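Colleague: Please take a close look at the nonpolar core and the aromatic residues of this model. I would like one connected account.

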Amino acid sequence: MVVVVSVLARLAWTYLVPNGANFVDLHVYVGGAETLEHPGALYDYVYAEQTPDFPLPFTYPPFAAVVFYPLSLLPFGVVAFIWQLGIFAALYGVARTSLRLLGHTDTRAAMLWTAVGIWTEPLRSTFDYGQINVLLVLAVLWAVQSNRWWLSGLLVGLAAGIKLTPAVAGLYFVGVRRWMVAVFSALVFFGTIGLSALVVGEQARYYFTDLLGDARRIGPIGTSFNQSWRGAISRILGQDAGYGPVVLAALLLTAVLALLAWRAIGTADRLGGIVIVGLFGLLLSPISWTHHWVWLIPLMIWLLHGPLRERLGARVLGWGWLALTLIGVPWLLSFAQPTIWEIGRPWQLAWAGLVYPVATLATLGWIAVSGRAADRSPSPSGDPAR
């Protein structure tokens with residue numbers, strides 16, 4: 001009943017509250033895909049109807065346009081409604097799969113996490129913009145859960161072909177020595193490039209040679225919604241820090257803590273392992289919008305239901321993350337920033353914008369010093385096939 005009320009409340013917010021949702025990213029998915037009917041136009045497309053201060057280009061790999069093309073054949077209102085239902089289902093899948101990786105089979109807990117998760121900042125922005133990240137996180141979690149190397153590799157490779165960020169999951173499969181998964185996911189990813197090249201031709205080469213790595217095209221580095229290290233440090237310095245010494249030092253510290261946390265929990269804890277990799281990827285990326293931080297849902301589930309759940313630190317971090325995401329600190333800070341493009345801001349706003357990176361460091365640090373929990377970490381389906 002709780003999850004039904006939560007879903008209906010979210011739909012009411014979308015359709016009954018002024019500016020309840022603008023679906024700007026979904027417009028980009030559909031509009032960009034529609035340009036496939038006009039060869040050579042994919043990366044010239046921009047959506048500016050609701051975003052005049054930042055016309056939104058199609059920033060995804062060309063394979064994404066191929067996948068999204070069927071959506072362009074339907075009325076947008078129908079697409080938006082179905083998309084929301086898909087997000088609800090995917091969020092439930094994320095919660096259910098996370099719990100199953102911990103050995104929990106009670107569907108009520110998954111429903112409760114779905115009901116609450118809908119109102120966390122990563123999901124609120126996902127619904128508002130019509131984003132796809134929940135589906136990609138679910139694909140990676142399924143890949144981690146599956147013992148079939150070909151299925152795991154297929155899921156990760158396709159997810160990376162749609163949006164590059166899931167490719168960081170390859171680090172997890174290398175770390176647990178599932179070599180076939182890592183290799184096959186790379187082959188599938190390159191297969192998506194080959195397929196898209198057949199469909200969009202020169203635009204595929206253009207994306208992977210000229211556009212890849214151009215963070216300015218993705219969006220404003222300094223906005224409070226960007227919770228990567230590059231965004232956080234840029235706000236403090238008052239200019240784009242790029243991957244300069246300060247950002248590299250922060251990333252090195254994160255990598256060390258992530259490695260220590262990985263060693264502390266052991267490879268048998270599959271949910272803990274992939275969450276650590278996911279968090280590292282979020283801080284490594286030049287831009288990690290709040291809707292990229294869907295990984296916080298599996299993190300909170302791991303902290304409050306996982307092998308260290310009885311420890312005070314796990315409860316403090318778990319409930320602390322839940323409070324942060326329900327409040328939506330980056331969202332609150334966005335009301336105080338001059339514009340999304342202006343990087344400089346008062347020092348208190350700049351330092352407050354470190355909220356997700358600093359909380360992530362605290363979480364990784366606590367896991368690293370909490371003691372090895374591999375022997376207590378359930379693995380109901382046994383060791384994954386290599």
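Modeller: In the largest nonpolar core, which has 111 residues, Phe58, Phe173, Trp229, Leu271, Ile274, Trp302 and Trp321 touch the most other members. Such a core is a set of buried Ala, Val, Leu, Ile, Met, Phe, Trp, Tyr and Cys residues joined through side-chain atoms within 4.5 Å; buried means under 20% relative accessible area (1.4 Å probe, protein chains only). Helix H4 (residues 76–101) gives this core its largest share, 11 residues; helices (H or I, at least four residues) and strands (E, at least two) are DSSP runs, numbered from the N terminus. This is a predicted model: local features need pLDDT of at least 70, side-chain atom pairs count only at pLDDT 80 or more, and totals for chains, interfaces and linings use all residues. Residues are numbered from 1 along each chain as its sequence is written, and side-chain values use heavy atoms, without hydrogens and water.

Leaving aside neighbours within four places in sequence, Ile274 is in contact (heavy atoms within 4.5 Å) with Val140, Leu141, Val144, Ala169, Tyr172 and Trp295. Tyr172 also belongs to an aromatic pair: its ring centre is 5.7 Å from that of Trp262 and the planes are at 70 degrees, so the pair is edge-to-face. Rings of Phe, Tyr and Trp (its six-membered ring) pair if their centres lie within 6.5 Å; planes under 30 degrees apart count as stacked, over 60 as edge-to-face and the rest as tilted. Because Tyr172 lies in helix H9 (residues 169–175) and Trp262 in helix H14 (residues 245–265), the pair ties together parts that are 90 residues apart in sequence. Both Tyr172 and Trp262 are buried.

Terms used: Buried means under 20% relative accessible area, exposed over 50%, partly exposed in between (1.4 Å probe, protein chains only).
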